[in-house]
Amino acid sequence: MRNSKTKKIKTETPERRILRATADFYEFPKDALTSQARTHSLAWARHVAMYLTWRLYDMSNCDIAAYYNRKNHASVYHAIKTVKAKLAKSKRVRDEIAAITLAIE
């Protein structure tokens, strides 16, 4: 049993690992992060997931937008800009990003 779970985790795509780790951290279902819902807490979690996908893996903004069911690359650009601004100001946000990053790897 343990081996099958380990294999499942290792065969996940990078963007799926980010989605899972972010959803688990913020306590949302994975599907919520790719939905069209726009509540503040859900939007923040989605922004973090898009930022980490952009930062950790070689995906274009258009590909990231498609993965998260956004209309275009501008949504990803906005998410990256928002997270970077909060990273510069808030230790709590830096700690959140670090914790999620550790959960991904």
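Not counting residues up to four places away in sequence, Leu56 touches Ile18, Thr101 and Ile104 (contact: heavy atoms within 4.5 Å). The model is predicted: local features need pLDDT of at least 70, side-chain atom pairs count only at pLDDT 80 or more, and totals for chains, interfaces and linings use all residues. Residues are numbered from 1 along each chain as its sequence is written, and side-chain values use heavy atoms, with hydrogens and water left out.

Leu56 lies in helix H4 (helices are DSSP runs of H or I, at least four residues, numbered from the N terminus). Its relative accessible area is 28%, so Leu56 is partly exposed (buried is under 20%, exposed over 50%, partly exposed in between; 1.4 Å probe, protein chains only).

H4 and H7 pack at an angle of about 60°, and their axes are 11 Å apart (axes are lines fitted to C-alpha atoms over the stretch in contact; angles run from 0 to 180 degrees between N-to-C directions). H4 is therefore oblique to H7 (under 35 degrees is roughly parallel, over 145 roughly antiparallel, 65 to 115 roughly perpendicular, the rest oblique). From H4, Trp44, Val48, Tyr51, Leu52, Arg55 and Leu56 meet Val93, Glu96, Ile97, Ile100, Thr101 and Ile104 of H7.

Leaving aside neighbours within four places in sequence, Ile97 contacts Val48, Tyr51, Leu52, Arg55, Val83 and Leu87.

Terms used:
Helices (H or I, at least four residues) and strands (E, at least two) are DSSP runs, numbered from the N terminus.
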